[in-house]
Protein chains: 2
Amino acid sequence: MALPREYPGQSCAMARALEIVGERWTLLILRDAFFGVRRFSDFSRHLGVPRAVLSERLEFLVAEGVLDRVPGPRGRDEYLLSDKGMALWPVLRALAAWGDVHYSPAGPRRVFTHAGCGGTVTPGGHCADCGAHVPVGATVLVPGPGYEGPAEGDAISAALAEPHRLLEPLG
Amino acid sequence: MALPREYPGQSCAMARALEIVGERWTLLILRDAFFGVRRFSDFSRHLGVPRAVLSERLEFLVAEGVLDRVPGPRGRDEYLLSDKGMALWPVLRALAAWGDVHYSPAGPRRVFTHAGCGGTVTPGGHCADCGAHVPVGATVLVPGPGYEGPAEGDAISAALAEPHRLLEPLG
DNA sequence: AGGAATGGTTCGGTGAACGAACTGTATGCG
DNA sequence: CGCATACAGTTCGTTCACCGAACCATTCCT
């Protein structure tokens, strides 16, 4: 594979990680996977990514063991985060925190809260109320002060307007 | 700007962050900036990025306030991380941690340690020895068990083989 | 059986990345 | 001073990945 996603000459772990998840759309696909999106056309509709690109990214992430492709209801396969994929949650949480601080003047659009006590999750992944570390499965996504209603009219965006526990399927 | 870096229809803070730092090479440029690289040709030599791309990325990051362009010795400008840029450190640290766990079978090539006490910095940014939060300026990069010597023969790679405090200039 | 939804693949056009060459300025050296 | 080298980019032709629209096969619903 010539040089589409690779960073030749970089022996750093960061470069290796970016070769896996650094391509355009990949981290947004994984974000949606954390939010509970599992099916091809749900990714497609919610992200607006060209279907050929989505197909290639999903296949690559499955090959790398970041996603698992498992049979779902009615014979339809679903794409689920593996343990390796879930381990990327701190990356996405840190990225969201940075974006919120620097590009959300009206406050965060979405806030992560601790399912146990309802406290806000800090950028470092701890509960601001009880201090405990909040694993991704105990994280609840709720609309924040900067939330402005679904930009798109699709069912995925509508479902994300409601409080929702990460990793659980939407709808 | 049509659609090179943008993710249309995505109102999420993560998508906004990726529009700034999600393009190819950008996070590696910032990684080098954390490691102490400051000058155009040092970035160019160490990364192997096409010079036109490097020029465009640096200009964009300065325009976004992630880097500051300041006059350096002998009339040469230098690119330094702003506070906004330094706030991206948790993202890169999380990415490096993920890459180390999943793509460094011989152990991490580089380890982050706490300048105060020498303890290892956890993926969450705390010192494993004293428990304190380790700010980026108090982080020291040392070669880890998986280190294999500089892949490239340039002076930057050689300088990174020695323990080195982040943000301080190399050499 | 007919129509819609799903999960893709195929294809032509466009824009970004690539690598090599080139420009202009500044510094170092004999 | 004259020359070589380093630096900080810019320019340019080629290649490649992304884009959007159209197409196809299978399954589900009525």
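In the predicted model, helix α6 of chain A (residues 89–103) packs against helix α1 of chain B (residues 13–21) at an angle of about 85°, with the axes 7 Å apart; axes are lines fitted to C-alpha atoms, for helices over the stretch in contact, and angles run from 0 to 180 degrees between N-to-C directions. Helices are DSSP runs (H or I, at least four residues), numbered from the N terminus. α6(A) and α1(B) are therefore roughly perpendicular (65 to 115 degrees). Contacts (heavy atoms within 4.5 Å) join A:Leu92, A:Leu95, A:Ala96, A:Trp98, A:Gly99, A:Asp100 and A:Tyr103 of α6(A) to B:Ala13, B:Met14, B:Arg16, B:Ala17, B:Leu18, B:Ile20 and B:Val21 of α1(B). By class, eleven of these residues are nonpolar, one is polar and two are charged; Ala, Val, Leu, Ile, Met, Phe, Trp, Tyr, Cys and Pro count as nonpolar, Asp, Glu, Lys and Arg as charged, and the others, Gly among them, as polar.

Chain A comprises domain 1 (13–85) and domain 2 (89–165), with bounds from an automatic or database domain assignment. The domain centres, taken over C-alpha atoms, are separated by 20 Å. Eleven residues of domain 1 contact twelve residues of domain 2. About 910 Å² is buried between the two domains, 79% of it from carbon and sulfur atoms; buried area is the accessible area (1.4 Å probe) lost on putting two parts together, summed over both. On the domain 1 side, A:Phe34, A:Phe35 and A:His46 lose the most area, together 66% of what that side buries. Zero salt bridges are counted between the domains (a side-chain nitrogen of Lys or Arg within 4 Å of a carboxyl oxygen of Asp or Glu).

Residues are numbered from 1 along each chain as its sequence is written, and chains are lettered from A and ligands numbered from 1 in the order in which they are written. Local features need pLDDT of at least 70, side-chain atom pairs count only at pLDDT 80 or more, and totals for chains, interfaces and linings use all residues, while side-chain values use heavy atoms, with hydrogens and water left out.

Terms used
Helix = DSSP H or I, 4+ residues; strand = E, 2+ residues; numbered from the N terminus. Parallel < 35°, antiparallel > 145°, perpendicular 65-115°, else oblique.
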